[in-house]
Amino acid sequence: YCIVHLRDVLDEFDMVTVKSIRQLVRDLMYAGRMMDTHDLTTVEALLLNYLPDQLVRYGLEYTDDGVYVTPNAVETESYVSYVDSLPAVAPAELFGLPHAADRQRLVAMTDFCLEKLQETQNLIWDESAAEFDKVRLRRIWEIAAGLVKRVPVPTDVTEMVKKHSSAGEGGPADARTRVLVQEMHLRGRLVSAVRKSLEQLTATLEGRLVMMGDMMEVARAIDNGRVPDAWLRFSPPTELPLAQYIHRLMDSDRFLVEWAKSGTPAAFWLPAFFFPEALISATCINLARHHGVGIETVGIHFEVPEHSPSSISVPVTS
């Protein structure tokens, strides 16, 4: 829609300034939905990245590698030739995104291709001999039965949490205790969902339950070595394969239960948390309370230590 209007304006007028193009895009495309002054200012700032006043000057770079630049061309054929020489896939930097977005795109494309290959493989297997299907189902049952034994049982840590959340004589409670309660609640939901689906799958493969659509998806995911979608609905985003995901689940549950039993640890394992940002915020709150300063005055500084977390014996000031 915007490109059509820009083309009409460029074809109708002999001379059009870059400022006029910016105003056309801003007013025609966004002004009707953005009435706030701050929103319009933001749009203007974003448009300056792609439609700056130097747009018609040769050599204006849109990416650091110098591939996407304003070409030194006059004739239409020269512009077409330049466009044809551009890479087939534009980098994320061109759209104002960080370089990590390129990696995410490649991961998504790889996952998509592998998923389609696995679906093709499943189709071939479904058309195979019955004896082969029995071997395949037996293998899935063995994996599911083994996972049931390894997945931790949901832990009721209510009493243990109360022991660490006591405020004492008028003093504030450790803000990180709320993080522990939230994480244990979310972890319990995830563990319960994982155990329930695995138990139902084993019962289904043993003939004690009817194979439903959800169980078929779980069985196919386990057979392919990936995390079932039924688990991801209760889980933080992950790219781990099934085996590493189960290890991560066990280690996370062990860390949180140990925290609830033995008190606040000296070092925290961030991959164990659904929301590590909550832990960082709670630590800042504790530090502000300890020194009697405003939370807005507390900053965060990151360092990569050379020693292992197990060597840390003094906890963060609480």
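This is a predicted model: local features need pLDDT of at least 70, side-chain atom pairs count only at pLDDT 80 or more; totals for chains, interfaces and linings use all residues.

Reader: Then is D102 buried or exposed?

Author: D102 counts as buried, because its relative accessibility is 16%, and the limit for buried is under 20%.

Reader: Where does D102 lie, and which residues does D102 touch?

Author: D102 is part of helix α5, which covers residues 100–126. Leaving out residues up to four places away in sequence, D102 touches P91 and A92.

Reader: What about D64: is that residue buried or exposed?

Author: D64 counts as exposed, because its relative accessibility is 68%. D64 sits in the loop between α3 and α4. Its C-alpha atom is 8.4 Å from that of E93, a residue 29 places away along the chain.

Reader: Let us step back. How many helices and strands does the protein have?

Author: The protein has twelve helices and zero strands. Read from the N terminus, the elements run α-α-α-α-α-α-α-α-α-α-α-α.

Reader: What share of the residues is buried?

Author: Of the 318 residues in the protein, 30% are buried. As for contacts between residues at least 6 apart in sequence, 53% join residues at least 24 apart.

Reader: Which residues of the largest nonpolar core touch the most other members?

Author: That core has 24 residues, and those touching the most other members are V151, V194, L198, L201, I222, W231 and I246. Helices α6 (130–150), α8, α9 (213–224), α10 (229–232) and α11 each supply at least two residues of the core. Its largest share, six residues, comes from α8.

Reader: Why would one expect nonpolar side chains to gather like that?

Author: As a general matter, nonpolar side chains in soluble globular proteins tend to be buried together.

Reader: Take L198, then. Which residues is L198 in contact with?

Author: Setting aside neighbours within four places in sequence, L198 is in contact with A144, L147, V148, V151, I222 and W231.

Reader: What lines the largest cavity?

Author: The lining consists of P154, T155, M184, R187, G188 and D253. Helix α8, residues 175–205, gives the largest share of this lining, three residues. By class, the lining has two nonpolar, two polar and two charged residues.

Reader: And the second largest pocket: what is its volume?

Author: The second largest pocket has a volume of about 690 Å³. Its lining has 25 residues, and Y50, L51, L55, Y62 and L94 lie nearest the centre of the pocket.

Reader: Which helices supply residues to the lining of that second largest pocket, and of what class are the residues?

Author: Among the helices, α1 (2–12), α2 (18–30), α3 (37–50) and α4 (76–84) each supply at least two residues of the lining. The largest share, five residues, comes from α1. By class, the lining of the second largest pocket has 23 nonpolar, one polar and one charged residues.

Reader: A change of topic: how many disulfides are found?

Author: A search of the whole structure finds zero disulfides.

Reader: Are the cysteines C113 and C284 buried or exposed?

Author: C113 counts as partly exposed, because its relative accessibility is 45%. C284 is buried, with a relative accessible area of 12%.

Reader: Finally, where does P271 lie?

Author: P271 lies in the loop that runs between α11 (242–262) and α12 (276–291). P271 counts as partly exposed, because its relative accessibility is 39%.

Reader: Which residues does P271 touch?

Author: Not counting residues up to four places away in sequence, P271 touches R248 and S252. P271 and D251 are 20 residues apart in sequence, and the distance between them in space is 9.4 Å, C-alpha to C-alpha.

Key: Residues are numbered from 1 along each chain as its sequence is written. Side-chain values use heavy atoms; hydrogens and water are left out. Helices (H or I, at least four residues) and strands (E, at least two) are DSSP runs, numbered from the N terminus. Buried means under 20% relative accessible area, exposed over 50%, partly exposed in between (1.4 Å probe, protein chains only). Contact means heavy atoms within 4.5 Å. On a 1 Å grid over the protein atoms alone, a cavity is a set of points where a 1.4 Å probe fits but cannot get out, and a pocket is an open set with protein on both sides within 12 Å along at least five of seven lines; lining residues have an atom within 4 Å of a point. Ala, Val, Leu, Ile, Met, Phe, Trp, Tyr, Cys and Pro count as nonpolar, Asp, Glu, Lys and Arg as charged, and the others, Gly among them, as polar. A nonpolar core is a set of buried Ala, Val, Leu, Ile, Met, Phe, Trp, Tyr and Cys residues joined through side-chain atoms within 4.5 Å. Grid points are joined across faces, edges and corners, and a volume is the space filled by probe spheres set on the points. A disulfide is a pair of cysteine sulfur atoms within 2.5 Å.
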